[in-house]
Every structure is written in structure tokens, then in C-alpha cells.
Amino acid sequence: MSVEDTTAGAGPGRFSRRRVLQAGAVTGAATALTWGQPAGPAQAAAPAGTAPRPARAPGAGWFTAPGRAVQPKFRWWWPDGLVEPAELRREIDQIAAAGFGGVEIAAVHHSVDDPSVLDTAHHGWGSPSWLAGVEAALDQADKRGLTVDITVGPAWPAAVPTITPDSAAALQELAYGVAPVAAGATYDGVVPAPGSAPASTVTRQTLLAVQAVRLDPANTSGKVTGLAADSVTDLTGQVTGTGATARVSWTAPAEGDWLLFAHWRRGVGQTPEAGPHTVPAAYVVDHFSPAGTRAITDFWESDLLTKPVRRLIGRAGGALFEDSIELESKSLLWTPALLTEFARRRGYPLLPYLPALAQSGGNQVYSYDPKLTRQARHDFWQTLSDLYNEHHATAVKRWANSIGLKLRAQPYGLQTDATYTAAVLDIPEGESLGFHNLDDYRSMTGGRDMAGTTILSCESGAYTGGAYSTTWQKFLRTMGGAYAAGVNQTVIHGFSYAALPGVQWPGYAAFTPYHGGIGYGESWGPRQPTWRHITDISGYLSRVHQVLQTGRPRVDVAVFRQSGYVDTGLGASWFTATGITLGWNHAFISEPLLSLPSAKVTGGKLAAHGPAYQAVFVEGDRFYGMDTTLSVATAERFLTYTRAGLPIVFLGDWSAPTVPGVDPGGRNDRLRAVLAELLAQPRVRVVANAADIPVALEELGVRPYVSYGAASTLLNAHRYADGVDYYYFCNGKHAETVKPPVAAIDHEVTLPRTSAGDVPYLLDLWSGRIERIGTYTEGAGSVTFRVALQPGETMVVAVGAPGLFGDRSGGRPHAVTTDAREARFAGGRLVVRAGADGRYTTALSRGGAARTTLRGIPQPVPLDGWEVDVEDWQPGATATATSVVRHRLTLDALAPWPSVPELADVSGIGTYRTTVHLDGPWTGGYGAYLELGTVYDTCRVTVNGHRLDPVDQINPVVDLAGVLRRGANTIEVEVATTLGNRLRVADPAVYGTATRQPYGLLGPVRLLPYGEAPIA
């Protein structure tokens, strides 16, 4: 069929710029793909073993105006309790009005050099003034619909002022003293004292054990001294006396030189970060014992949970928050029950291995045979991990839930299984500053998804030296990739309380100055010019969260980790470097996750009602020499899984595997027997090289849900709910430090669809608008369309039944190809757009082609001359007051503010204004794109008095459909900056070293007219 249209067509309506390129030839037929085995594409998105459910459209406002529950949050920094309730209420109002859904109260004052300013004795953390502030914050948050999270203690790690470093509940360490003993010589003297002095606040050291060990040069490597494991001699029973005067007498054998070890248990004496916060001082608790947790909960119950606080927590409380586990012992971390718990859990005694575990300054000092030492260290940390997860994470969560709070925590910082801890917590959290790459997030995503919880939070947007120079564009680029790796809640770093005696303009900031210089960014809020545009940012983030918290995730591959460490930067073979560039996504799992109720195989998928992993990938232990290790229990589970149809791929030489830790007897033999049976299963492949992994997956019939066809920087995340598949895309990179920079992309993407009639929809994250994609091809259970994104740019596509989201296109045909700029649905009709006069052909899905003639389209118009009104933000009469000086300029050509003499050191808000005269009809099928080029930092656009939808701050191109008219058209671009350029001269002692930032509308700015006409 051929449709001939020789006019420009009816009015197009107003739509945001497309990020799906609905133009150009989509060449080649879509390849028939199977997503998973044995289920075909119709079951790919639905939980395995169930029939696809009918699509159910989300309610009104689901995407356009998401609710408080999915809005981003702020880390709200207080100078302990030196706060005023009225000011706290005002700041809650500011945060609520800006479109944020919650705050986290955190006592942080790294910028304060003189602690006396804080008056800790009267206004410390937990003081009456702090409690009054908490009450006011909770009450006002309840009125505004916000939630309030509260840190578990002052700063981090978790600490309370009711213990001393010598208390049983305080964090402990095992220090060692050593004395050499020559062959045949006798040591007769005081037991060697610890080589490292205790903290000044520690007054007791308890002798745990005395041992003699022979030196073995064969095990020496670099600065690590070799020891003979079979020579360990326990001399503890020969010790006389106690404490520092304890003595021991021992004669060494005639052969070999020996070392005499004394192991001393003592408190660490660590206090929370950047204290003091309390009087008396708070000390970090033992994170591995019930006593440490009781110290926390008892203090809360007795001192913090007043009747008003307890009542208000039930109304506005969100979560108890614990920051990363930054335990700072320079010796070996310890807990009183460790020897007993180690023997019970690992099946052999720990004591003989203590010399090889000894640490000095956080470094290993001695070693047995390297592999044996690795195995013993693995078992040591596995035991501490078990104790942390049981006695701290689980116990604190249980208590928090009992008072109406969830537990949100950053469960990393030690060599513990934080992947599993992510499953224990209500809300696991990562961080953009400390994490090395996207696999650090994926290490936690696996725990969250296997537990069946929803949120992976992120401490977002902290930058070293970024105070008052951090742009929202930088923030968005940082977070774009994190969302693709599983993050779906943003806790922004941060919002500082307004004032503190002695601070300079623009007010108190938690992290700047820092050691006299520029500190960490950022202190957001009304003090920042970009706050003028903050609802555009918060609306975008809310929509990202809404999509990524909907339904359940869908992940291609579970990468098994023998050690579930997080915050390491270590990825997975092939998948990290290559797989994600082809559309694959993955998450990491560890052994304890296989004991969760979800860890079952249904329809050939692991955790079918959760992430629905299509396959499991296993390689050597990346944290312990790439040893090919599995526990017997894990091997047996994998055997059960693959017999139920789950594909498993092993990388490496698995001919002689060992259990991860020390084998106390018989485990290695049992492992090899089970593994031999496992590797012989038809759904298992073993490959020698990483390059063979895709071949093995192809043989097993496993393909990614998302396919690009060729390598791309496009990252993706996939969610499924009620018959609809949601795909988040970001043109990003695996780590911010990766070079070269990401380039723009423009290529095809293929997605599966649950039902044969499903169609793709574009969900605009900036405007909240949803429309059916106009140009795509259909394959066997798939849809294929082109995606074009600038570096850091994002988009969301949903695939579901016609009529979703109020779509009025019904059964109308879509375009398969077009030589116009794009074919799109507008008001339920398929239309084409083009930027130049001509005759355009569009192939339709029902067959045939529509031929459209567009005439009278103006040429592109460069916009060079601008009137600029600038609000110059300067220090006011007080530290929190801002004075605004106004400048009016005429620019013949756009330029960064520092190159304009009147604006060289100005920070603030500039309104750029120009007038464009348009001839011809502008009430019909004509419109234009406004291409802004480079803008520094945020911007908004107003045309003829109409403020347009929020601008994509990464790719600022605005559709002006419906707002242009014949004759004079006034275009205004409002640009807001950071405060850095003004602070360079207002506070040069701190910020004078900063480089001027190139503020303003930099362009080039162009008006790109187009014609539009309906075709079907």
C-alpha cells in the first residue's frame, strides 16, 4: 500500500526530543534468538514455570510524577547537636519542596579545626540538643511526607559512649610479640611484649598464647618471613606469672632457627571518624560479638529513644544507617569467642595458624607454605564474616525492625562476605567515591536480588576536592553507569546544616575546608545557584528510581565468588571486559546465598521468581591466587541445579580442585568426586580460556536478554513487572577512570518480548512523557530499534502490550524503515519528521510504503547574538546570607564567563535572551529543535513565555513543537552555575587554588526547523 501526502500535515502536538532514532534504514532481518533454555522467548521475561501474566498499566502519575517513596534522598550533615529546631524544620521544607523524599541525619564536621566550637560537652551527638533536633526533624518530615534515616552512632564505624577500650563490648585486636631463639639455645625470660604499642586509652593486654615456630627460608618471599607449619609448638602451658611480668623458659631443638611468638588480646581504642562527638568519648564496638551489638541497642534504648523520638520514628522513621566498616586495627582483628567459633565452624583449631596470620601495620609478616597460608587466611576471614553477619548485621537489623526502622548499611571495608551481607540487610548501600567500578555494585546486587529485596542504595556524588565546583552534569554521568549495575536509590552527598559559629560564606559545610584546603563535594541546597533548577534533577532521578524499583530484576548470568568481598574493583573474566559491551549483564553471588529460599532452579533458571539467572559462571578464586576451589556443599548444589536444567560454565583447570580453606581431612577427596560428576553433566561446560566463554554459552543455548550485535559502551539494566519488561540504558563506562572517554553511539538494539503483539515504548526520564516507538522491526519473539546516545546520556524503553500507559495508537502499523529524520507516534498517529524539503518513503509493518512530501521547511538558524542578565551571587551580611548584584550584557558571540571581563569571577544565574523571526506558517505541521551545545551547568528553556519541559542536562536538545509562531519568537535560556568561581576570590585562603570553571551557555546554539506529517 502506498500513501501519498503532499502537505505538511496537521499540527504535531508537543513532544520531547527522541533518544530512539526512529529514522534511517534498519538493515537486515532480525535474528531469531532464544533467551534461555529450555524456555523460549515467550517465557524469557515471565517467571519460569508460569504463564505470562496479562499486562497491567501503571496508575496515573506512576512515571510522570513519582511519589515520595522513590524520590532521591540527602545525606544531611549536622555539626553534632549544635543545631536549632526551627532551622532544621526550615531545611526539611527546603528539601521537600525540591522534590526529595528523605534525609539521613549524620554527625559530620570534618571542616571544623577547633573542636571547642562544637561545645561537645553540651551539644554532642546524643545530647539533649541533638535529641531536640531529631524530634523536630522527624516531626517536620512527617508533615511533609519525608522519611528520616539516623546513623547508628556518631559518624563511623558504629560506636557508643558507654564503653571504654578495655570493655568486653569494645573492638579488639590480637597483637604479637616475637623473640628469636637460635638452634639449641634456651629462651628464659619475660614473654615477648607486643611489637606495636596499644592505643593510649587501652590499659589492659591479656596473653592468649605463646608458641615456638621454626624459620623456613623456602617459604620466605619479599618482606614476608617463611615459617614451617609442622614445627608449631604450643608453650602456653609453660608460662608462669601473669600480665607484663609473665615468663617462659624453652630450649630450641638442635636444628634450625626459631621464633618465639606471644599473642596478646587487647582493645583497639578506635573512636568514630573525625571526633570527638560525645562526652565521654564514644569507642567503636566489637562488630563480631553479641556484646558489641548489645552496647549499641542498650544505649539507644536507654539514652536516645525518648518517648517523643520513639513515637515519631514510627511515623517518619526510615532506616537506621551504618557506614562502611572502617575498622582501623594495625594488628589482627579479634573477638573473644573466635577460637571456639573457628573450631566449630571450620572443623580444626585456629591456634597453630596464628603466626602466619599475624599482622603489623595491616601487612602480612610471616607465612607457611603460600597456599596453606591462603587457605588459613580464607578460613579466618570466613569465620569473622560469619560472626559479623550473625552477631552484628542480623542482630542490629532485628532490633531496628522492632522499633519501626529498616537497616541500611554499607557492609564492606573488611575481607568479609559483603555479597551475602547485602542479602541480610533491608537496604544494602554502595558508594560512588570509594567503589572502583561497576562490578563493585554488582557484587552487592546479587545479594539483594537473591534475598528478594528491592533496594540497592548508593552514597552518591562525593568528589575529592570537589567542594563548590561539582556540577550536576558530573553527578549524572557518575550515576548513569551505577544504575545499570543495580543501584536504584540515591542518597546524595549531601546537604549541610546552614550555620556554625566562625564559618565563612556560604555557610557551614561538613567537608570543606578540609585540612585548610578545598574539601569534598558537595554541600547542596539553596546556597547553590543550581538549586534554582533542582526539581528538574530530582524529577529525573525519581523516574530512574521508579523504573528500577518496579517488579523484579532480570539478569543474564550469576558469577560465583568463593569469597564475597566488595569494594575491590575485581571483575569477572570475559563478562566484565567483553560481555557487557555486547549486551550481557551479570551479578555476583557467594556460597551463603545458595542456602536462601530463592536458590532453586525452575524452568532452567536460578531464582526464577527473582533475577532469573540463565546461567552460572565459575572461575578460580580471584582473591586467593585464582585457586580452583569450591566447597563440597557448593559443588553438590551445582550438581542439583544443573540436573534441573541450569547451564553452568567453568573457566580454568578443574582437574584437581580443593576446598577454599584448610582441609581438616577428606573434604578434597569428596569435592573431586562430586565435581567429576558435575562436570560430566550435559548442561555444564569447562573452558580453558576466557575467549571460549561465549562459545560455551552458545552451545548451551544461553543468549543475553539485550543484544547489540557489535561492541558498544551501552550499559543496560532489565526489570520485569506484570507482563511488561523495562530496560534502562546508559551510554557509559565500566569505571570513571577508564580512558579514552566514551563516544556517542548509534546502533541497533534487540530486545525480547513476552507476547507476540508487544510493542516498545520510550519513557522520557526528563519530561515524564511516554510514547510508543515509531520505527522498529520484529523478529521471532523480539523487537529491534536504533539507539543513539551521547556520552552519559540515558533512556528507558518498556516492551509490553498495545495500549499501555494510555497509548492511543492501538493496532496502528509502525514504521519499519524511513528515510525521513524519524517516524514517531504523536497523538496516536504515526507521523514522519524531516529537517529539509523533500519526498520521503516509509516502509510500514503492515506492508507497503507511505510516501510523504514535506515543503516549506526553513533552513537551520544559528543563534549568536544574546542579551544576558546575570545574577552575581556574593557574600552577604552574614555567613548564610547571599547578596545578588545584577549585570546586563550584550554578547555578539557566546563565550565562557571567565573570558568576559564583567563575569570573570562571577557565580550565579544567567538568563540568555534572543529573538528569532520566522516566516511562513507556524501553526501547522512545523516545529524546530533548539540545540544548545555546551551548557555549564544546569539550564532551563522558555519560549514566548512558555517554560518548556526539563532539559536533558547531558544532551541539551529541546523540541519546540507547539510553542513557535510566525514573526518574532523570544527564546530564553536560564543557566545556573556552581559557586566555585566566586569563592576563588571571596575566600582565597581556601579556594584560591581552584581553576576557574567555564560557566554559561557556550553553544553553538542552533534552531533546527522540521516539517511533520501523519502517514498512518
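A crossing of two helices is called right-handed if the near helix is turned clockwise from the far one by less than a right angle. With that idea in hand, welcome to a short tour of this structure, which is a predicted model. One right-handed crossing to look for is that of helix 4 with helix 8.

**Helix 4 and helix 8**

- Helix 4 covers residues 290-304 and helix 8 covers residues 370-402; their axes come within 9 Å and cross at roughly 25 degrees.
- Angles under 35 degrees count as roughly parallel, so helix 4 is roughly parallel to helix 8.
- On the helix 4 side, the contact is made by Pro290, Thr293, Ile296, Thr297, Trp300 and Glu301.
- These residues meet His391, His392, Ala395, Val396 and Trp399 of helix 8.
- Sorted by class, the contact of helix 4 with helix 8 holds six nonpolar residues, four polar ones and one charged one.

**Helix 3 and helix 5**

- Here the partners are helix 3 (residues 128-144) and helix 5 (residues 307-316), with axes that come within 9 Å and cross at roughly 30 degrees.
- Helix 3 is therefore roughly parallel to helix 5.
- The crossing of helix 3 with helix 5 is left-handed.
- Helix 3 brings Leu131, Val134, Glu135, Leu138, Asp139, Ala141 and Asp142 to the contact.
- Helix 5 answers with Pro308, Val309, Leu312, Ile313, Arg315 and Ala316.
- In this contact of helix 3 with helix 5, nine residues are nonpolar, four are charged and none are polar.

- Strand 33 pairs with strand 37 (residues 782-789) in the antiparallel sense, over eight bridges.
- To follow that pairing residue by residue, find Pro752, whose bridge partner in strand 37 is Ser782.
- Another place to look is His747, which stands opposite Val787 in strand 37.
- Strand 33 is mostly covered, with six of its eight residues buried.

- Strand 42 (residues 838-844) and strand 43 pair in the antiparallel sense over six bridges.
- Ala843 has Ala849 as its bridge partner in strand 43.
- Strand 43 (residues 849-854) is largely enclosed by the rest of the structure, because five of its six residues are buried.

**Cis peptide bonds**

- The peptide bond from Gly275 to Pro276 is cis, and its omega is near 5 degrees.
- You can find Pro276 in the loop between strand 12 (258-267) and strand 13 (283-284).
- Tyr936 and Asp937 are also joined by a cis peptide bond, with an omega of about 15 degrees.
- Asp937 sits in the loop between strand 49 (934-936) and strand 50 (938-943).

**Positive phi values in a loop**

- Asp567 is a residue other than glycine, yet its phi is positive, near 70 degrees.
- Asp567 belongs to the loop between strand 24 (557-561) and strand 25 (586-590).
- Buried means under 20% relative accessible area and exposed means over 50%, so Asp567, with a relative accessible area of 24%, is partly exposed.
- Trp574 is not a glycine either, and Trp574 has a positive phi of about 65 degrees.
- The place to look for Trp574 is again the loop between strand 24 and strand 25.
- Trp574 has a relative accessible area of 12%, so Trp574 counts as buried.

Methods:
Residues are numbered from 1 along each chain as its sequence is written. This is a predicted model: local features need pLDDT of at least 70, side-chain atom pairs count only at pLDDT 80 or more; totals for chains, interfaces and linings use all residues. Side-chain values use heavy atoms; hydrogens and water are left out. Two strands pair if DSSP finds at least two bridges between them. Helices (H or I, at least four residues) and strands (E, at least two) are DSSP runs, numbered from the N terminus. Axes are lines fitted to C-alpha atoms, for helices over the stretch in contact, and angles run from 0 to 180 degrees between N-to-C directions. Angles under 35 degrees count as roughly parallel, over 145 as roughly antiparallel, 65 to 115 as roughly perpendicular and the rest as oblique. Contact means heavy atoms within 4.5 Å. Ala, Val, Leu, Ile, Met, Phe, Trp, Tyr, Cys and Pro count as nonpolar, Asp, Glu, Lys and Arg as charged, and the others, Gly among them, as polar. Buried means under 20% relative accessible area, exposed over 50%, partly exposed in between (1.4 Å probe, protein chains only).
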